[in-house]
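Reader: I am new to this structure. Please take me through one part of it closely, and keep it brisk.

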Amino acid sequence: MRILITAPSLNENENVSGISTLIRGIISGSKATFVHFPAGRKDGGKFDFSWVLTQIKQPFAFNSALKREKPDVIHINTSFEPRAIIRDSIFAARARSSARPVLLHVHGGRFVLQDFTSSILAGRAEQLLKNASKIIVQSRAERESLLKRIPGLDIAVLPNAVQIDKIPQAAREPGEKTIIFFGRLHESKGLNDIVESCRMLLEQGFKFKFACCGAGPHREPFISKMKEILGERFHDGGVILGPEKWRVLNQGDFFLLPSRYEGLPIALLEAMAAGCVPVVSNVGMIGDVVKDGRNGFIIEPGNLTMIAGKLKMVLSESEITLQELRENARKTIREKFDFAEYITKLDRIYSEMTRQ
């Protein structure tokens with residue numbers, strides 16, 4: 001079975017997005033043969049003339065790839081954000097016209113659950129969804145939201161997963177606790193909330209370390225502010241790969257993600273599997289994974305008092321309590337988000353689509 005799959009750059013040095021991480025795992029784990037068609041901006045890329053020219057050329061390049069590769073299934077990875085919707089609606093229309101089945105894989109985005117603010121964008125999203133033979137979403141809530149807009153869509157719920165067997169375990173060192181942000185540095189991740197909540201904690205006498213690993217369009221101002229506030233207690237890890245990623249996660253105590261919107265972040269699943277206690281917004285599917293006080297803690301995005309309060313609480317917890325939370329976090333990922341089961345379900349979807 002031959003799959004043409006769209007995704008951002010799969011080079012970890014160029015893109016740290018969860019979509020890229022997931023697609024690398026799919027390509028290495030699935031029984032199918034894959035042809036990757038790059039779609040999406042690299043970290044640090046600018047919206048300049050070169051970017052515009054690339055967008056103009058992409059539909060023609062996509063057409064050429066369809067004719068050259070003759071795939072059995074076309075797997076389009078998207079997020080319900082304006083640029084992605086516009087780009088992928090064009091891809092889906094071209095793919096559908098080739099008389100091959102189209103699998104649309106929706107990786108969150110603000111408009112999966114929220115109403116569109118533009119009728120034009122809503123129209124493009126409708127075209128994108130209707131041109132898909134089958135759709136994958138992260139949660140039942142997302143499925144219900146899309147079906148409410150367009151009844152009759154064939155939608156499967158397949159939450160993200162991680163390769164648990166590749167994640168090493170290590171005991172935490174005693175001493176000052178470390179908070180980690182790991183992933184794409186974009187304002188939607190609540191970066192300003194992280195800055196201000198850390199400022200509040202320091203003003204109230206709390207001592208902690210903070211490690212930031214990742215890249216993205218808002219990296220520089222975030223790093224600058226965090227260094228100004230925390231000084232030597234702040235570590236800028238940049239883009240971390242392979243064993244280094246697990247080393248950093250195994251040294252962290254808490255994973256902080258006060259996002260405004262999410263699907264199901266791969267970074268969250270990886271952090272929990274490595275034993276970090278999550279302190280995260282209840283957006284997207286996160287509330288289905290993190291149970292407040294049991295395997296992590298839930299916060300409201302934008303509520304600085306609550307974010308700082310939860311962080312003060314976890315920084316004050318006993319090691320016995322933290323160890324229980326770590327074990328519960330690992331258990332959640334091991335039992336519900338194992339990658340081997342994910343691949344089995346995805347391969348079944350591919351097979352069913354080729355028989356339609």
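Author: Lys 310 is buried, at a relative accessible area of 15%. Buried means under 20%, exposed over 50%, and partly exposed in between, using a 1.4 Å probe and protein chains only. The model is predicted: local features need pLDDT of at least 70, side-chain atom pairs count only at pLDDT 80 or more, and totals for chains, interfaces and linings use all residues. Residues are numbered from 1 along each chain as its sequence is written, and side-chain values use heavy atoms, with hydrogens and water left out.

Lys 310 pairs with Asp 292 in a salt bridge, their closest N and O atoms 3.1 Å apart. Such a bridge puts a side-chain nitrogen of Lys or Arg within 4 Å of a carboxyl oxygen of Asp or Glu. Asp 292 is partly exposed, at 44% relative accessibility.

The structure holds 20 salt bridges. Another one joins the side chains of Asp 253 and Arg 326, at 3.2 Å from N to O. Asp 253 sits in the loop between helix 8 and strand 10 and Arg 326 in helix 12, so the pair ties together parts 73 residues apart in sequence. Helices (H or I, at least four residues) and strands (E, at least two) are DSSP runs, numbered from the N terminus. Asp 253 is buried at 4%. Arg 326 is buried at 2%.

Arg 326 also meets Glu 319 in a salt bridge, 2.7 Å from N to O. Glu 319 is partly exposed, at 40%. Lys 177, Asp 253, Glu 319 and Arg 326 are linked in a network of salt bridges.
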